[in-house]
Amino acid sequence: MDIATLREKHPDHWKLASAIRALAMDAVQKANSGHPGMPMGMADVATVLFQKHLKFDASAPKWFDRDRFILSAGHGSMLVYALLYLCGDKQVTLDQIKNFRQTGALTAGHPENFLLDAVETTTGPLGQGIATSVGFAIAEESLRARFSKKIVDHKTYVIAGDGCLMEGISHEAIGLAGMQKLKNLVVMWDNNNITIDGRVDKACITNQQARFAAAGWKVLACDGHDPEDIDRALTEAQKSTMPVFIDCKTLIGFGAPTKQDTYSAHGSPLGDEEISATKAIYGWEYGAFEIPQDVKSAWEAIGTRGADARAEWEERFSTLSDNRKAEFTRIMDGEVSKKLSAAIRKFKKEQSEAAPKVASRKASEMVLGAVNPAVPETIGGSADLTGSNLTKSADLGVFTPEDRKGRYVHYGIREHGMAAAMNGLWLHGGVRPYGGTFFCFTDYARGAMRLSALMKVPAIYVMTHDSIGLGEDGPTHQPVEHLAICRATPNTYTFRPADVIETAEAWEIALTTKSTPSVLALSRQGLPTLRTKHTTRNEVSRGAYVIQEAEGKRQAILMATGSEVEIAMRARDLLQAQAIGTRVVSVPCMELFDEQDESYRRKILPAGAVRVAVEAAIRQPWDKYLLGERGREQKAGFVGMEGFGASAPAPELYARFGITPEAIAEKVKSLL
């Protein structure tokens, strides 16, 4: 529909949508940075969605049973900022709009969930929003099955662009959503046929409608500039029994006389002359950032449209029993069940007495068998490696279209999609997500794992087969640089437990944190129980601790993680036999050790002794303890990997790469 027809047939709608477009143009121009074209193109779709379909109350952006709105095409952030300001969101003031992309502004270049309450998830890396939305939709289905439709009944709406659909993660996401029949998920595609390089068909000729249909979605289409047609599509979407994909045909930079339908409208300011000409075409006779009172009032009325629905929900919630209300509030606040600490204590006592020799992946499975019944909000899963990751405890049941009470998701071979869905599960509220794959395949999940850290999502990544210890699968599957990558990521706990006790303690920390994701790097090979004296104290919570003290004068400190702690302890025996007093320090989590005060760190790593770090991975993360923390280069060494692994049985690989008690002892002696 052209602008003249729009203005004539739908004058009220036109004013509402024009307010979005005007604010987007003005804010990007003032910032001299940003993306005006997408908000201008999708303003009509967004207006119809917010005015007639989205269940929300601008005065209560965290009200639980609201519909979720996700702008997957996060570069068009002025669309969501304009909507929030116009609807009366208390955080997004006109000053925030004027300070778009400026230091300290809540209106960042891309929407950030930790800055604005009404932003459901951080987007910007294309494809992440649509993939994260799958987790939102899974959480909604799961919680509805647990608490009933009268408490949980809402939709997740997504605006996605061409770039989102070209990213590979989108294919993982739409396949999972279609298979799971997530009927309350609605994706609106901004089909403007423009990317930074020009027309989409320079790089992509995919029939997106056919693609989504093949994945099990209901496919609809509309003129993205015709409010009646948009409303028709969104109304039809409400009745679907499967996820819905709406092809919204739009023009990027809608109305800009020289830049409409070109890449020039995508990622740079339009310029003062173009903005003036565009506003004249709109019939928008107002200055920069000026919204007439009748239009602002109309938008604010839209912002209050969900107040009655919220009040009705609060009334329904009040009828729940006190226990049900308390449980719902607990999980929505992200508080862990009080039963967890008791379950962990009991498990540790039993295992320290039994002293099993098990792989830490098996130890993790044993822990899950104890904690999943105590923490009913967990939803686990694996990227088609359940039997290898050992992530499914017997009590969970499988989440399927037929059984929404199941708490285990078969994600399929979709590591990136799984990680993004886990972000969505937490951000929705009411769920503690964990998921597994091989540690080497964190490469496939990296984009979403980085967003976990950025968004402060405490997702738990169960990453098994953590070193050359996996053996015959060879260097394609043997992680050597991955511990360094995870440790280099801000706000991430990387755990590499040495035995069943440390594994339990790592799980306890991962399940109780509310703002930091955890990576559990777990072994394929069996590891003996090293801590056979029970203590209620969580040693892993301090990041590093003395697991075996030196006898006599301390001359050496061996630092190790995971499967190499046992090897370090055997090296200590060799050294002690030669009257070289040797302390062994287990370092299950560097990040937590770094958080300890200096007095504790000094106690664990005092000056003077030779230090040798032992890990079947690259040296890079260890230098801060070898050379820093009172260490000296002349008295520091490393025993581990310098390159990729090889295909062979694990014991042969450890010997081949020199990660043996004898090699460690010789390294110490060479430094004395």
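Two strands count as paired when DSSP finds at least two bridges between them. With that in hand, here are some close-ups of this predicted model.

**View A. Strands β19 and β20 run side by side.** Strand β19 (residues 610-615) and β20 run parallel and are joined by 5 bridges. To find your place, look for Arg611, which stands opposite Ala636 in β20.

**View B. Five strands form an open sheet.** Stepping back from that pair, you can follow the strand order β16-β18-β17-β19-β20 across an open sheet with mixed pairing. Its edges are β16 (545-548) and β20 (636-640), each pairing on one side only. From one strand to the next, the twist averages 30°.

**View C. A helix lies across the sheet strands.** Here helix α22 (residues 563-576) lies across β16, β17 (554-560), β18 (581-586) and β19. Relative to β18, helix α22 runs at about 170°.

**View D. Helices α6 and α8 pack together.** Two packed helices are described by the angle between their axes and the distance between the axes. For helix α6 (residues 128-147) and helix α8 (residues 168-180), the angle is about 25° and the axes are 8 Å apart. Angles under 35 degrees count as roughly parallel, so α6 is roughly parallel to α8. The crossing of α6 past α8 is left-handed. On the α6 side, the contact is made by Gln128, Ile130, Ala131, Val134 and Ile138; α8 contributes Ile169, Ser170, Ala173, Ile174, Leu176 and Ala177. By type, the residues of this contact of α6 with α8 are 9 nonpolar, 2 polar and no charged.

**View E. Phe147 of α6 meets Phe328 of α14.** The whole structure holds 21 aromatic pairs, and this view shows one of them. The ring centres of Phe147 and Phe328 are 5.0 Å apart and the planes stand at 85°, so the pair is edge-to-face. Because Phe147 lies in helix α6 and Phe328 in helix α14 (residues 322-332), the pair ties together parts that are 181 residues apart in sequence.

**View F. Helices α15 and α16 cross.** The axes of helix α15 (residues 339-354) and helix α16 (residues 360-371) come within 9 Å and cross at roughly 135°. That angle makes α15 oblique to α16, and their crossing is right-handed. Look for Leu340, Ala343, Ile344, Phe347 and Gln351 in α15, which meet Ala363, Met366, Val367, Ala370 and Val371 in α16. The residues of this contact of α15 with α16 comprise 9 nonpolar, 1 polar and no charged.

Terms used. Residues are numbered from 1 along each chain as its sequence is written. This is a predicted model: local features need pLDDT of at least 70, side-chain atom pairs count only at pLDDT 80 or more; totals for chains, interfaces and linings use all residues. Side-chain values use heavy atoms; hydrogens and water are left out. Axes are lines fitted to C-alpha atoms, for helices over the stretch in contact, and angles run from 0 to 180 degrees between N-to-C directions. Helices (H or I, at least four residues) and strands (E, at least two) are DSSP runs, numbered from the N terminus. Angles under 35 degrees count as roughly parallel, over 145 as roughly antiparallel, 65 to 115 as roughly perpendicular and the rest as oblique. A crossing is left-handed if the near helix is turned anticlockwise from the far one by less than a right angle, and right-handed if clockwise. Contact means heavy atoms within 4.5 Å. Ala, Val, Leu, Ile, Met, Phe, Trp, Tyr, Cys and Pro count as nonpolar, Asp, Glu, Lys and Arg as charged, and the others, Gly among them, as polar. Rings of Phe, Tyr and Trp (its six-membered ring) pair if their centres lie within 6.5 Å; planes under 30 degrees apart count as stacked, over 60 as edge-to-face and the rest as tilted.
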